[in-house]
Amino acid sequence: MTHHTEETLVLIKPDGVARNLVGEILARIERKGYVIADLKMLTPTRAMLERHYEEHQGKPFFEPLVAFMASGPVVAARVTGDSVIEGFRSLAGKTDPTVAAPGTIRGDLGRDWGEAVQKNLVHGSDSTLSAERELAIWFG
């Protein structure tokens with residue numbers, strides 16, 4: 001088995017912060033054996049969010065998503081570990097918390113709130129290229 005150490009961006013979205021789930025989510029990441037290499041809480045600017053979600057500009061959910069992500073504090077974490085990108089996405093669960101498996105962050109802690117934007121607690125980079133781009137946005 002080859003080891004592939006990498007880093008990823010994990011965001012605890014405004015719903016996770018508002019529901020006091022930051023400690024629970026970070027604990028799950030650490031229990032999985034990943035390392036939180038950097039951590040900060042901030043309310044993102046529209047400019048940051050436009051860069052972060054640039055591939056979604058022009059889609060119907062873009063404006064509600066940006067408004068939601070700017071609605072309150074977000075916790076940004078630089079997380080490192082072997083195959084951490086795939087591993088965190090598995091830990092997070094499916095994007096739709098209604099069908100996310102029990103045992104995942106979204107499966108255990110999330111649900112559909114019937115709103116214009118899906119509030120699903122966390123974001124994780126989907127590739128090494130995305131992780132590099134997103135970490136530059138959130139951590140400089």
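**Stop one: around a helix**

Helices (H or I, at least four residues) and strands (E, at least two) are DSSP runs, numbered from the N terminus.

Before going on, a word on what you're looking at: this is a predicted model, where local features need pLDDT of at least 70 and side-chain atom pairs count only at pLDDT 80 or more, while totals for chains, interfaces and linings use all residues. Residues are numbered from 1 along each chain as its sequence is written, and side-chain values use heavy atoms, leaving out hydrogens and water.

Now pick out residues 62-69, which make up α4: Phe62, Leu65, Val66, Phe68 and Met69 are its buried ones. Buried means under 20% relative accessible area (1.4 Å probe, protein chains only). Look down the axis of α4: those buried residues fall within an arc of 160°, so they line one face of the helix. That arc is taken from the directions from the helix axis to the C-beta atoms.

**Stop two: a strand with two partners**

Next, select β1, residues 5-12. Six of its eight residues are buried, so β1 is largely enclosed by the rest of the structure. Which strands does it pair with? Eight bridges join β1 to β3 (residues 74-82), running antiparallel, and three join it, also antiparallel, to β4 (residues 122-124). Strands pair if DSSP finds at least two bridges between them. Zoom in on Glu6, opposite Gly81 in β3, then on Leu11, whose bridge partner in β4 is His123.

Notes. Buried means under 20% relative accessible area, exposed over 50%, partly exposed in between (1.4 Å probe, protein chains only).
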